Amino acid sequence: MYDVLVIGAGPAGVFAAMEVVEREPSARVLVLDKGPEVLKRVCPGVRKESGCIRCRPCLLLCGWGGAGAFSDGKLTLTSEFGGFLGNYTGDDEVGRLIKRVDDIYVRFGATEEVYGARNEVFKDLQRQAASANLNLIPAPIRHLGTDNCQEVTARLHEYLRDRIDIRLSTAVSSIRTKEDRERRVAGVITADGEEIEARFVVAAPGRGGAEWFSGEAKRLGLRLGSNPVDIGVRVEMPAVIMEHITDRVYESKLTYQSKSFDDPVRTFCMCPHGEVVLENNEGIVTVNGHSFSNMKTENTNFAILVSKSFTEPFKEPIAYGKHIASLANLLGGGVIVQRLGDLHAGRRSTRKRLARAVKPTLPEATPGDLSLVLPYRHLVDIMEMLEALDKLAPGVNSGSTLLYGVEVKFYSSRWEVSKELESGIENLFVAGDGAGITRGLAQASASGIHVARAILKRL
């Protein structure tokens, strides 16, 4: 019998476990994750030894540190971005939680430098963006880098392994509830059939477990709402085109309202001098971006995502995102890459045409035609934003710019929960991106702390 059992060793799960044990050292805490230790999470796609071989589980998404350990390592130090935690706690409390999160990351080795100061240079960039119908939103960012993020995550593991029980490479099959009518959590059942009892369960399965999480909610009779579905492309170009922005703010949070459909479109996860990488989401290969602290490329990449909200009877946002991504996999055997000039000309890219474009940092992507994959509405929204970005950073809308598809964020299903993030089952809490509560490293970690504090009151 454990006091607290955490499903998922990503930022939300790790910070939940850490908050419990630091405030109540006698508490018996167990963390389960279907992936391995962070230093054993070696992806052949990242090493460029081969393309994605569809590992199950994906080593970029699963294991100690979760997807956050292999993200670009950006801590967005504001309540304005990164999820919906403020809807439950209020923005002021999110700010305090993020401050606690930031202090912990710095304590375990995060860089001291913070980008995004609201100075005259930033205001000038805002004015330029506004003239292009873009909104540049201020966001203080502490950038760890993918390599340093893994080191910080490894130090957290070393610190916690003597204070709590950690079982990696252990998948959870289902969440158990009491057999009486109390609707109270009882523990979990692993994929090997082992039953583990716990007074409190924190379900924080991350992006890699989002689909499993939705299935469990339906099985348990819990109500699910739907977040907007975020689908788009990863854009890559010479780093010099964006340097007048990235040198000042590192990651520019730019939003745009499309003229054709009035859809919200935004940049996401800008990676100056970074590289484009693959992710495997339960057999569906998608694209992402990384930047490193100690290794630079000649390119900068970022995502352009279209957020689309659906109404009843639609209830399958993750399935919708996977369906779009699977079309790219069907046509290209994985991720498709296309020159923007070829997209404008209505033709697919070929290896010969790609030789006239930016040198790709993901050479295993298949040249193809994204207009056969993305819905027309999404394609128009993306091309409109590229035109707007070109006014702020001339060269973005060049014919040699590369577009990789598809990038999808699988955090679209959100359980209906209390302000403490407790589900409809007593003592079953949810946290992080996999629960649809958050959309990034800082708020995911903060949601774990918020849940832990609610549990500590009951302990």
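1. In which strand is the place of Val406? Val406 belongs to strand S19, which covers residues 402-409. The structure discussed throughout this note is a predicted model. The peptide bond that leads from Gly405 into Val406 is cis, and its omega is near 15°.

2. Ser169 has a positive phi, near 55°, although it is a residue other than glycine. Its place is the loop that runs between strand S6 (165-167) and strand S7 (172-177). Ser169 has a relative accessible area of 53% and is therefore classed as exposed, the cut-off being over 50%.

3. Asn427 likewise is a residue other than glycine with a positive phi, in this case near 70°. Asn427 is found in the loop between strand S20 (413-415) and strand S21 (428-430). Is Asn427 buried or exposed? Asn427 counts as buried, because its relative accessibility is 9% and the limit for that class is under 20%.

4. Arg41 sits in the loop between strand S2 (29-32) and helix H2 (66-69). This arginine is buried but forms no salt bridge. The nearest side chain of opposite charge is that of Asp33, at 6.9 Å, whereas a salt bridge requires a distance within 4 Å. Backbone oxygens do approach the side chain of Arg41: that of Cys62 lies 2.9 Å from one of its polar atoms, and that of Gly66 also lies 2.9 Å from a polar atom of this side chain.

5. Glu384 is buried and has no salt bridge. Which side chain of opposite charge is nearest to Glu384? It is Lys259, 6.4 Å away. The side chain of Glu384 does make a polar contact, at 2.8 Å, with the side chain of Tyr256.

6. The model contains 6 cavities of 30 Å³ or more. The largest cavity has a volume of about 120 Å³. It is lined by 17 residues, of which Leu61, Gly208, Asn280, Asn281 and Glu282 are the closest to its centre. Helix H7 (210-219), strand S14 (275-281) and helix H9 (317-332) are the elements that each give two or more residues to this lining. By residue class, the lining of the largest cavity comprises 8 nonpolar, 4 polar and 5 charged residues.

Conventions. Residues are numbered from 1 along each chain as its sequence is written. This is a predicted model: local features need pLDDT of at least 70, side-chain atom pairs count only at pLDDT 80 or more; totals for chains, interfaces and linings use all residues. Side-chain values use heavy atoms; hydrogens and water are left out. On a 1 Å grid over the protein atoms alone, a cavity is a set of points where a 1.4 Å probe fits but cannot get out, and a pocket is an open set with protein on both sides within 12 Å along at least five of seven lines; lining residues have an atom within 4 Å of a point. Grid points are joined across faces, edges and corners, and a volume is the space filled by probe spheres set on the points. Helices (H or I, at least four residues) and strands (E, at least two) are DSSP runs, numbered from the N terminus. Ala, Val, Leu, Ile, Met, Phe, Trp, Tyr, Cys and Pro count as nonpolar, Asp, Glu, Lys and Arg as charged, and the others, Gly among them, as polar. Buried means under 20% relative accessible area, exposed over 50%, partly exposed in between (1.4 Å probe, protein chains only). Lys and Arg count as positive and Asp and Glu as negative; His and the chain ends are not counted. A polar contact is a pair of N or O atoms within 3.5 Å; within protein, one must be able to donate a hydrogen and the other to accept it, and residues adjacent in sequence count only if both atoms are side-chain atoms.
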